[in-house]
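Please work through the following exercises with the sequence and the structure side by side. Each task is followed by a solution that goes step by step.

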Amino acid sequence: MVSESAALQFTIEPTSNPTPADHRAELIANPAFGRVFTDHMAIVKYSESRGWHDAKITARKPISLDPAASVLHYAQEIFEGMKAYRTESGGIAAFRPEENARRFRASADRMAMADLPQEIFMQAVDELVKIDRDWVPEGEGKSLYLRPFMIATEVFLGVKPASEYLFMVIACPVGAYFGSGCVSVWVSEDYTRAAPGGTGAAKCGGNYAASLVAQRDSKSHGCDQVLFLDSREQRFVEEMGGMNVMFLRDDNTLVTPPLTGTILPGITRDAILQLARDRGLKIEQAPLEIDEIFAGAASGRYKEAFACGTAAVISPIGTLRRTGSEAVFGDGKTPGEVSLGLKKALTDIQAGKTNDAHGWIHAIV
């Protein structure tokens, strides 16, 4: 196996058919999230006999898989979500990519997949952004979304960890994930996202696939997103369909569920908690009963609520709904001052508009 400190030499194979500059400008002017992709991709292969090898940046194109590839039958697959930004100084930087690399390794360990050294993860991201730098959009709320992922490619029908894998990174220019207002959230009382001992803390596709029926259910109730409760008692707030969740009390305490193995350890979540401390807010990572949240919204004890994650950064929650009742934060339409303040503090750091006191920015170009 490749050692922890080993890096690879990436072969650079520029596409022979790059997107014309005028068409690229048109595509990134107002991109739909996850629909427009850059010209290139990063790809690295793994086998037990050779370790990680054949690292390259090449033209983005379909990949070929045998019908018996393990990923298609046993779902050995993990991924990450991260962004590269144009900075005030004219460069391009990523936000805490080393944390994505660490979480990727943790997900791989949970899914019994090959360990990808952090150096290779970072190399792949950096080289892809460098060759596709012209795809990084300018403007408020715009960025280049990066999707590193790994799949099991061994041709074998049998339940065991695969011996061959493919690591790839693709990229797409994106704008805002949600609009500028508040979202409405359905509290699922029929489905759960994860259970103790399960894969809730791993960023694997199966977690998201299992959440889709609840997401569909939320749409049928007129909501934008879904909030899951714990699997044992259906009493405690856990996570939304693809984001962590936080609540602001009237004593200026920011409350969020603890990381106990059923919730994804969000990198944006961690950054927001630190920025909240910097701004003098108290932090409480403790179990939150859903009944307490509904009662607290009605009494004014809970003033704001928001979801957070790489794609949306911070998305203010206006209402929580469940069968027979509704919790409204503020007027249900206007984002709260603390939510907006934390979002601005974070996005200003990402865009290089303010001092990066915590060393979160990784310069690429």
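## Exercise 1: An aromatic cluster

In this predicted model, Tyr46 and Tyr165 are both buried.

Solution. Begin with the whole structure, in which a search finds 10 aromatic pairs. The reasoning rests on two cut-offs, because planes under 30 degrees apart would count as stacked and planes over 60 degrees apart as edge-to-face. Trp52 is buried, as is Tyr46. Now locate the two tyrosines in the chain: Tyr46 belongs to strand S2 (residues 40-47) and Tyr165 to strand S8 (residues 164-174), so their pair ties together parts that are 119 residues apart in sequence.

## Exercise 2: Cysteines and disulfides

Find out how many disulfides the model contains, and decide whether Cys308 is buried or exposed.

Solution. Recall that a disulfide is a covalent bond between the sulfur atoms of two cysteines. The sulfur atoms have to lie within 2.5 Å of each other to be counted as such a pair, and by this rule the count comes to 0 disulfides. Cys308 illustrates the result, since the nearest cysteine sulfur, that of Cys182, is 15 Å away. For the second part, use the cut-off that buried means under 20% relative accessible area. Cys308 has a relative accessible area of 1%, so Cys308 is buried. Cys172, at 4% relative accessibility, counts as buried too.

## Exercise 3: A nonpolar patch

Which residues form a nonpolar patch on the surface together with Leu65, and how exposed is Leu65?

Solution. The patch is formed by Ile63, Leu65 and Leu72, which together have about 240 Å² of accessible area. Leu65 itself is found in the loop that runs between strand S3 (51-59) and helix H2 (70-74). Because its relative accessible area is 31%, Leu65 is classed as partly exposed.

## Exercise 4: Charges over rings

Which charged ends sit over the rings of Phe156 and Phe294?

Solution. Over the ring of Phe156 sits the charged end of Lys160, 5.0 Å from the ring centre. Over the ring of Phe294 sits the charged end of Arg322, 4.1 Å from the centre of that ring.

Definitions and conventions: Residues numbered from 1 in each chain as written. Predicted model: local features only at pLDDT ≥ 70, side-chain atom pairs only at ≥ 80, totals over all residues. Heavy atoms only, no water. Buried < 20%, exposed > 50% of the residue type's maximum accessible area, 1.4 Å probe, protein only. Patch = residues over 30% accessible without salt bridge, like charges linked within 9 Å, V, L, I, M, F, W, Y side chains within 5 Å. Areas by Shrake-Rupley, 256 points an atom, 1.4 Å probe, with all protein chains shown as cover. Salt bridge = Lys/Arg side-chain N within 4 Å of Asp/Glu carboxyl O. Helix = DSSP H or I, 4+ residues; strand = E, 2+ residues; numbered from the N terminus. Phe/Tyr/Trp six-rings, centres within 6.5 Å; stacked < 30°, edge-to-face > 60°. Lys NZ or Arg CZ within 6 Å of the ring centre and 35° of its normal.
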